[in-house]
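These are my notebook entries on a structure that I looked up. I record each item in the order in which I consulted it.

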Amino acid sequence: MVTTDQAANGRLVSPRLVGRADERARLIAAVSSPPAVVVVEGEAGVGKTRLVAELQDDTVLAGRLLVVGGCRPIREPFPLGPVLEAVRGLSDHLAPGGLSPVAGALRPLLPELADRLPPPLPQLDDRAAERHRAFRGMAALLNSSCPLVLVLEDMHWADEHTLDFVGYLLGAPLAGLSMVLTYRAEEVTPKVRALTARLPSTVTRERLSLSTLHAEQTGELAAAILATERVSSEFAEYLCVRSSGLPFAVEELLALLRTRGTLVPTDGGWARPQLGELDVPTGVRDSVLERVSRLSEPARTIVEAAAVLQLPAPARVLGEACELGGAHASRGLTEALSSGLLDERDDGVRFRHVLALHAVYEDLALSRRQELHGRAATALARCDPVPLGQVAHHWHHAGRLTEWVVAAEQAADQAAALGDDEQAARLLDEVLRLAPVRGVQRGRLAVKLLESAAETLSIPARAHIQELIGDVLTREADLPPPLRGELWLRLALLLESAGDSDAAQLHAYASAVAGLDDRPELQAWAMIGLAVPRAAGRPRKEYLAWLERAEQVVPRIEDLTSRVAMLSKVAMLLTAGGDWRWRALADQIRTETGGDPGNSPQATAYWLVAQEACYAGHHLLAGEHLGTASAGAARVGSERVQMRCRITQIMLDYCTGAWDGLDDRADTLRAELIEHPRLRRDADVVRAGLAVARGDLDRAAAGYDELLRGRGPAVDLDVLPLMLTGYLRTSLARNDIDAAVTTMESAFSGFEHHWVIPGAMRALPAAVQVMLSAGRHDAAVAMVERWAAHAEGRDSPLAPAALGQARGLLAAAAGRWEMAGAYAAEAAAAYEKLLCRYEAAQAHEQAAEYWSEVGDPRAELALRAALAGFRELEASWDLDRAAGLARRYGVSLPARHRGGRRGYGPELSPREREVAELAATGRTNREIASRLYLSTKTVDKHVSAVLRKLNLPTRAALARHVAAASGLDGESFP
């Protein structure tokens, strides 16, 4: 029968978990083996929260703390809200002074823990840096409370910051932390699912998918709720059909029957006459509404207000939202809580289940909804602090559009200031689409929308945003020129980031210039946008004219950071064209910043210079600027710039033959950027290039096909030579000559038209080889001479090597073997000076082949150099080819490692020595991974290998070993 306690509070809840024995066991086993991640998925009402509640049993947790936070359907611009909700109660478990100083970044977010947190940290001028520091502080706080179980519920409503923080934690899981994530499978986004897609091997993983109950389980649940031994199979089937097997719906139906007074058990079951009289509606909606109808008017009003508010709210706000006086509000709230529909917790009064909330809300007449939304907005506006996101939501649904626009803009400003650009963009997009704003106000909101959209890596429906901004520009004809100019510029930047058509980008940039005379930092930006080679058909002199105009505007920019940013963009374009002046601009950036970028935009400036220098072949200079950019980005905590530095680092390592662990790093980056094809482009190029070297031509061909198909007619000209070289070599190996010629001619036409000289030199030897294979010797000769003329007087470091290699190919085709060998040998030497180890080995191989034709003794030395280069790079495809050449000409081969990559036996490899030295300084694997641009998993493997080879038990022992090995002479251990 119904227990006294249940009857008192009006709730009918099972005292035990039913139908989830297997899931419970798997949940407990997983969280008991940290680091662990458990995903619990299922539809609303299926029992996710009830299952997780089993962890509250002390015997289950075995001394672990349990903290729970929930995501909300109405988001406030407050980063990490669910995580902060979870950790607020940790005060009793934190010792004063026991936390890392970086946890001081949490003071503004966690006033409840002020007496436990370190002193506050100085504010940074970079939002991404602030966010990264908060992530580190939160990780330190969680780590200090381990062993800990962190439960984050309703992740289908998670904000971008919470998702990023969970990803940050899972990248290097805390040893004592177990995480439980719940969400509705049908509503969750791919980004949430991706969080647990590639976890480190050390993490315990479990995924629990909760299904609805069948009739027998439904009967067992009903019996447990009613505190009886069993219910009849007929009644169990009845409940199962009408509840669809949802445990929450079973509870609601039984609660309705109790309020009707029809829950009267007989001997061990239910009498059939009674069962036949039960006219319970199918599903939960009508049962909830009937329960509401049985409440008094004050209680019913409270319930309706709670449905409109959706989120937990203080009793005062509930009373004000339905305009009940003190005594009436108190009595109504007491009754509503007793009914079991509402629940009161530390964060306020809420519906016990979202299904009941929606049932009540959807039953309200539109006029009643609007009335309650308006009252809710007024009540929430009196809170301190004001929940601006909620206020905006309620004004909107109240139909009070003027008030909505004001609140939404305030909420968007707050969100942007806190780095929640996704939320800011969502709020502004909605206002611009639906609110009656016009003129300057609409233009100002559109600029803010574009700023927030540009700050996010992925904005849904970019095309929709572009269409919306186009409508603003068309309809608001009287916008002041500076505002219109900035709007065009921001639109151009969005179009560029989205990879939209060249014509649309050029039109937007050109439209921006005229109105920005008083904004030199924006005007220079627009001019540089027009100076970037994009669309075919524009003469080169037009690009150069815009670049010269931009250079004249840059000195007028007073702000150092803006000026440095524009200098880097001009330097980037000059580098791509082989203009020597880029070096002076790069030096000017270093001088003006003191060689130490002080914020994220300055670090970005160094990265831009490094990236283009890498593409153009200035590998040493690229490394210097990239090191400065990476160190600066890490210091200011800019995750975005650090990510871009990682991307450029793997490209630089590919170009310079630093291939140790490069496959893993490229794979890791690609997985992290799976939803951002433009950002992962360089990782894709590297993966395809390595596939060629390893002899996996099918994988390489598929990779190049995807890369080249995704390229517009003149897009990605900077990285295209690297793509093209690998593609042409793959096509030659597969004898796909005609397609290779067509692709090559199109690409080189673009290089010449847009004057991308230094970078294009990379692909020249492969292009010549394709033309010779196609029987077009004269065209190949003309191409080499034309490109030699292009390179004349240009800052094109790859030109001597590439032209020498290409001329060697031409000489060999004409049977001039000695000359061909000399050209190839000179090319190999030139490549080595540029650190191009792979190309150098190829040129050595060609020299050996040419000289072998005439019995020149230099052939053996060249061939040994090629073999050593390919072996060091583990370029198995090239190594097999060179080994065949050696056998053909009788050159002895050293013993070759079989069965995987080259090993170093009991000795440490160069990379293992690097890792060992860093580990000996006390750095964590995550810190080592960041410093060396490796995945944490790869560092784990290196550390394990070091300890095994040196026969050391711990990292502490490794530190002593390194100190002893290098102590007397100060040198690194061998």
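Entry 1: I found glutamate 371 and arginine 368 together in helix α18 (residues 366-381), three residues apart, about one turn of the helix. Helices here are DSSP runs of H or I with at least four residues, strands are runs of E with at least two, and both are numbered from the N terminus. The model is a predicted one, in which local features need pLDDT of at least 70 and side-chain atom pairs count only at pLDDT 80 or more, while totals for chains, interfaces and linings use all residues. I note also that residues are numbered from 1 along each chain as its sequence is written, and that side-chain values use heavy atoms, with hydrogens and water left out.

The side chains of glutamate 371 and arginine 368 form a salt bridge, at 3.4 Å from N to O. The term salt bridge stands for a side-chain nitrogen of Lys or Arg within 4 Å of a carboxyl oxygen of Asp or Glu. Glutamate 371 is partly exposed at 33% relative accessibility, and arginine 368 is partly exposed at 21%. For this I used a 1.4 Å probe and protein chains only: buried is under 20% relative accessible area, exposed is over 50%, and partly exposed is in between.

**Entry 2: other salt bridges.** I asked how many salt bridges the structure holds. The number is 55. One of them joins aspartate 698 to arginine 734, with the closest N and O atoms 2.9 Å apart. Aspartate 698 belongs to helix α35 (residues 697-709) and arginine 734 to the loop between α36 (720-733) and α37 (737-754), so this pair ties together parts that are 36 residues apart in sequence. Aspartate 698 is exposed at 58% relative accessibility, whereas arginine 734 is partly exposed at 44%.

I also recorded a network of salt bridges that links Glu451, Glu486, Arg490, Arg519 and Glu521.

**Entry 3: arginine 881.** Arginine 881 forms a salt bridge with aspartate 878, at 2.8 Å from N to O. Both are in helix α45 (residues 876-888), three residues apart, which is about one helical turn. Is aspartate 878 buried or exposed? Aspartate 878 is buried, at 0% relative accessibility, while arginine 881 is partly exposed at 32%.

The charged end of arginine 881 also sits over the ring of tryptophan 877, 5.6 Å from the ring centre. A charge counts as over a ring if NZ of Lys or CZ of Arg is within 6 Å of the ring centre and within 35 degrees of the ring normal.

**Entry 4: aromatic rings.** I looked up the aromatic pairs, of which the structure holds nine. Tyrosine 838 is in helix α43 (residues 837-852) and phenylalanine 870 in helix α44 (residues 858-873), so the pair ties together parts 32 residues apart in sequence. Rings of Phe, Tyr and Trp (its six-membered ring) pair if their centres lie within 6.5 Å; planes under 30 degrees apart are stacked, over 60 edge-to-face, and the rest tilted.

Both residues are buried: tyrosine 838 has a relative accessible area of 6% and phenylalanine 870 one of 0%.

**Entry 5: strand β1.** Why is strand β1 (residues 36-41) largely enclosed by the rest of the structure? Six of its six residues are buried, so β1 is largely enclosed. On one face I listed Ala36, Val38 and Val40, and on the other Val37, Val39 and Glu41.

β1 pairs in the parallel sense with strand β4 (residues 177-183) over six bridges, and glutamate 41 stands opposite tyrosine 183 there. β1 also pairs in the parallel sense with strand β5 (residues 204-209) over six bridges, where valine 38 stands opposite glutamate 206. Strands pair if DSSP finds at least two bridges between them.

**Entry 6: histidine 156.** I placed histidine 156 in the loop between β3 (148-153) and α7 (160-171). Histidine 156 is buried, with a relative accessible area of 8%. Leaving aside neighbours within four places in sequence, histidine 156 is in contact (heavy atoms within 4.5 Å) with Tyr183, Arg184, Glu187 and Val188.
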